[in-house]
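Work through the exercises below with the model open. Each task is followed by a stepwise solution.

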Amino acid sequence: MAQSNPLSVAQMTAVLDNAPVAVYVSALESWELLYANRLARKTLCRGAGIPGTTCYHPVHRRVYQLSGKIIDWDGRPAHIEYGLDVTEKKREQERSETLREELQATFSSIPCGLSVYRFNGEQITPVFHNPAFYEIMGYSDEHIRSIERETTFLGVHPDEVERLRIGIVEAVRSGALVDQTYRIWNDRRAAFCWIHLEGSVKAQDDGSKLLYGVYSDVSERMRLERELIDANEKMQDIVNAIPGGVAIYKVSDIFETTYFSDGVAQLTGYTSEEYQQLIQQDAAEMIYVEDAAIVLSKAAEVIQSHGIAKFEFRKQHRDGHIVWVRVQMKWVGEDEGCPLLHCVFHNITDSK
C-alpha cells in the first residue's frame, strides 16, 4: 500500500495560518522563533514576531492558555505552542468574583437568607449565599460544599421538589416573581423545617439572568397555623356535639348564613353538605310560613337593642312534618355594615 507523503513545511504553514488559535514554533536549543501563524503574529508576536528573533512576547495585557509539544521542524528539534486567548473568560471570572465579594460584604449582616444564582440559558449555577442562608437552611459542611458548586434542590422535601422547580423555571422564563413555601431537611436540627422563598429575576447585558432569592424560616409560623387549625377542628367538634345547633346570620335584605353547625342542618333532616347548598338562599325561607313574621320581628328587636331574645318557632322538616325549636338570639356585631346574629337552637318537638 502506498504511504501518503508528509506535509512539507510550506504546506504545514499554510494549514496553520488558518488555524483558529495562535501557533508559533521556536528552536528547542535557542528559543529562536522559526514560525508564527497569522493569529500569533497579530497577538502573541506583535512587533517582534519575525523568524530569527528570540524575543517575541510583547506585553499587551492579554491572558492566554498555552499548550505545546516537541516536534521536528524541517530537520530541527523545535517546540510548537498553541495559544488560546482566554482574556474575556478570565475577566468574566474576575467580574463574578468581584460581584461575589461585593455581595458578601453588603449582605453578610442581613438576618434573612440571601442568594444569587446565574442562569446562562442552559443551567443555573450559584453565585452567592450570605451566612444567614446557611444558618437558616442548616446545611452540614458537606452539603454546603455541594450547594456552592451546583443547584440540585438539595434537601427539599420530595413532595415539594417539583412544585418548587416549576415555580423557578417559570420565573426564569417569564420574569415572574417566586413566592414558595416548602420544607427542607435541616441537618443541624435533624428535621424538616419550613422555608419561605421570595425571588425575582433580572436579565444581564451578557444575555444571562440573575436570580435573587430571600429565604425566611417560617417553621414557627407554620406550627402555630397548624395548631390553630387543630384547635378550630376541635372546637368545631365540640360545637357539633351541642344538642340542637349553632348558627351565625348576616342580616341585610335577607338572612345570609355565615356559619352553621351540623345540628342546624339536622333540625330539618338535611346533611351538612345538603344544607350548605340550601343556605345559598335566604335562611328565613326555611322558617314555617306562619311563624316567619314573628322571627323577623324578634330579630329586628335584637338588632335595635343590641341585646338577646329567647323565643320559640317552627321549622319545616324535609319530610313534611313540623319541628319546634327554642332559640336564643344575640347581636354580636357587624360585618360590612350588616348586623350579625348568633343563634343557639334546641329541638323541643317532643316536649311540645
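**Exercise 1: the cavity lining**

The lining of the largest cavity comprises 12 nonpolar residues, no polar ones and one charged. The model is a predicted one.

Task: find which residues are closest to the centre of the largest cavity, and which elements give two or more residues to its lining.

Solution. 
1. Search the whole structure: one cavity of 30 Å³ or more turns up.
2. Take its volume, which is about 120 Å³.
3. List the lining: 13 residues, with Y249, I287, V295, F313 and F345 closest to the centre.
4. Assign elements: strand 12 (308–316), strand 13 (322–335) and strand 14 (338–347) each give two or more residues.

**Exercise 2: a charge over a ring**

Task: state how far K315 is from the ring centre of F345.

Solution. 
1. Locate K315 over the face of F345.
2. Read the distance to the ring centre: 5.6 Å.

**Exercise 3: two aromatic pairs**

Task: classify the ring pairs F133–Y139 and W185–F192.

Solution. 
1. Count the aromatic pairs in the whole structure: there are nine.
2. Take F133 and Y139: the ring centres are 6.2 Å apart and the planes stand at 45 degrees, so this pair is tilted.
3. Check burial: F133 and Y139 are both buried.
4. Take W185 and F192: with centres 5.1 Å apart and planes at 80 degrees, over the 60-degree cut-off, the pair is edge-to-face.

Key:
Residues are numbered from 1 along each chain as its sequence is written. This is a predicted model: local features need pLDDT of at least 70, side-chain atom pairs count only at pLDDT 80 or more; totals for chains, interfaces and linings use all residues. Side-chain values use heavy atoms; hydrogens and water are left out. Rings of Phe, Tyr and Trp (its six-membered ring) pair if their centres lie within 6.5 Å; planes under 30 degrees apart count as stacked, over 60 as edge-to-face and the rest as tilted. Buried means under 20% relative accessible area, exposed over 50%, partly exposed in between (1.4 Å probe, protein chains only). A charge sits over a ring if NZ of Lys or CZ of Arg is within 6 Å of the ring centre and within 35 degrees of the ring normal. On a 1 Å grid over the protein atoms alone, a cavity is a set of points where a 1.4 Å probe fits but cannot get out, and a pocket is an open set with protein on both sides within 12 Å along at least five of seven lines; lining residues have an atom within 4 Å of a point. Grid points are joined across faces, edges and corners, and a volume is the space filled by probe spheres set on the points. Helices (H or I, at least four residues) and strands (E, at least two) are DSSP runs, numbered from the N terminus. Ala, Val, Leu, Ile, Met, Phe, Trp, Tyr, Cys and Pro count as nonpolar, Asp, Glu, Lys and Arg as charged, and the others, Gly among them, as polar.
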